[in-house]
Amino acid sequence: MILFVVLIGVGFSVLSNKTNSKVSIPSTVSAADGYGIVLNKDAKVKVDLWEDFQCPNCRNFEAVAGGYINDLVRAGKIRVAFHPMTFIGPESILAAAAAACTVDSGKFLEMHMALYESQPAKENSGTWTNAALKVIAATAGDASSATQSCIDSGKYVNWTKNIEADAATKNVNSTPTMFINGKQLDQTHYLNLAALKADFAALGVK
Amino acid sequence: MKVQPWATLLARLVLGVVLLLAGYLKAQTPSKAQMAVRAYRLLPVSIANLFGLVLPWLEIGAGILLIVGIAVRYSSLFGGALMLLFVGAISQAWARGLSIDCGCFGGGGEVAAGHTKYLQEILRDLGLTATAIFLYLYPHGKFGIDKAKLEGAHLE
């Protein structure tokens, strides 16, 4: 009987952690990009960023390099695929889903930064409810009713599981993890803006 | 008063509760559990991911068996083997200079250098290995549902 419980448990875990191609996905997202949110899909230098909105190191990275990366994106100089992971807890799921809701209004970068700027001091504190996330979206410049109902309905919650399943296959074991043209960023460069700029400059991105 | 039956009960509860709790916490955050196994860099990624999903349930199963006192020899053998496996895995991570959290009670993955707790984790798991060995040698104790008692009940 215990064996039965174990097998059911394993079956459940395996099935619920697989990618589901039938879930609602944000625009700019595709399976080919590991279901990440892609900005500037045709740019030559390809960046992949795995992060969790509740992760303190990710907040530090955003504080140091976020403005610079956003400038590069807005100038069309780099292609970035954002993979918001959700392993820290349920609020990571809500935050990632809320960020996905802002893609259609073109406010994803603003929402991305706003989330880190309002990251609670403690993980899983209960602060990030859908109501709180709607307020953050508004401060990021997206108070549209489409985004609000998207957040309230949890439209992209299931999409976050696809990101997790993809991150598992890509062997991402900490956040933030950034790849530039397939090469993982040096661990010391996340909080060293000069070094990060040099990495991009070496690829012709200034 | 004979001490051994009570010692067996205590050992069953210690090992059983630890395994049940460890499995339960991991099962609650499956993607984190998978990350924990991958971070050891021992198994190929897809196998590591599968192991991360399967392990928690094996721990839960073994934990329940030990707490209730069924198949104590098998479950203590399994639990002890698991602990030795963990000791080996943590030791190799330490030796290779990896910076990871063992992920033993949920959590896991890479951590900042200097934030590792390898010695504590290894000592704890060696203690649990010893507990498992004791249980394997003395599986029959208080409040256990073991064959000897069941057969005895039938004969009466």
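1. Order of elements in chain A. Read along its sequence, chain A of this predicted model runs α-β-β-α-β-α-α-α-α-α-β-β-α. That pattern comprises eight helices and five strands.

2. Overall dimensions of chain A. The radius of gyration of chain A is 17 Å, and the globule rule gives 17 Å for 206 residues; the chain is therefore as compact as a globular protein of that length. Taken along the principal axes, the C-alpha atoms of chain A fill a box of roughly 60 × 35 × 35 Å.

3. Burial and contact range. Of the 206 residues in chain A, 43% are buried. When contacts in chain A between residues at least 6 apart in sequence are considered, 79% of them join residues at least 24 apart.

4. Geometry of helix α2(A). This helix covers residues 56–74 of chain A, and its 19 residues should span 27 Å at 1.5 Å a residue; the end C-alpha atoms are 25 Å apart, which agrees with that expectation. Just after α2(A), Gly76(A) adopts a positive phi of about 70 degrees.

5. Nonpolar core. The largest nonpolar core contains 86 residues, and Ala95(A), Ala98(A) and Ala100(A) have the most contacts inside it. Helix α3 of chain A (residues 90–101) supplies the largest share of this core, namely nine residues. With neighbours within four places in sequence left aside, Ala95(A) is in contact with Phe53(A), Leu115(A), Trp128(A) and Leu133(A).

6. Contact between chains A and B. Chain B contributes 21 residues to the contact and chain A contributes 15 residues. On the side of chain B that touches chain A, the elements giving two or more residues are α2 (30–39), α3 (45–68) and β2 (109–110) of chain B. The largest share of that side, ten residues, comes from α3(B). By class, the side of chain B that touches chain A consists of twelve nonpolar, six polar and three charged residues.

How values were computed. Residues numbered from 1 in each chain as written. Chains lettered and ligands numbered in written order. Predicted model: local features only at pLDDT ≥ 70, side-chain atom pairs only at ≥ 80, totals over all residues. Contact = placed C-beta atoms within 7 Å. Helix = DSSP H or I, 4+ residues; strand = E, 2+ residues; numbered from the N terminus. Nonpolar A, V, L, I, M, F, W, Y, C, P; charged D, E, K, R; others polar. Core = buried A, V, L, I, M, F, W, Y, C linked by C-beta atoms within 7 Å. Buried ≥ 20, exposed ≤ 12 C-beta atoms within 10 Å, placed from the backbone. Rg over C-alpha atoms; globule rule 2.2 N^0.38 Å. Expected span 1.5 Å × (residues − 1).
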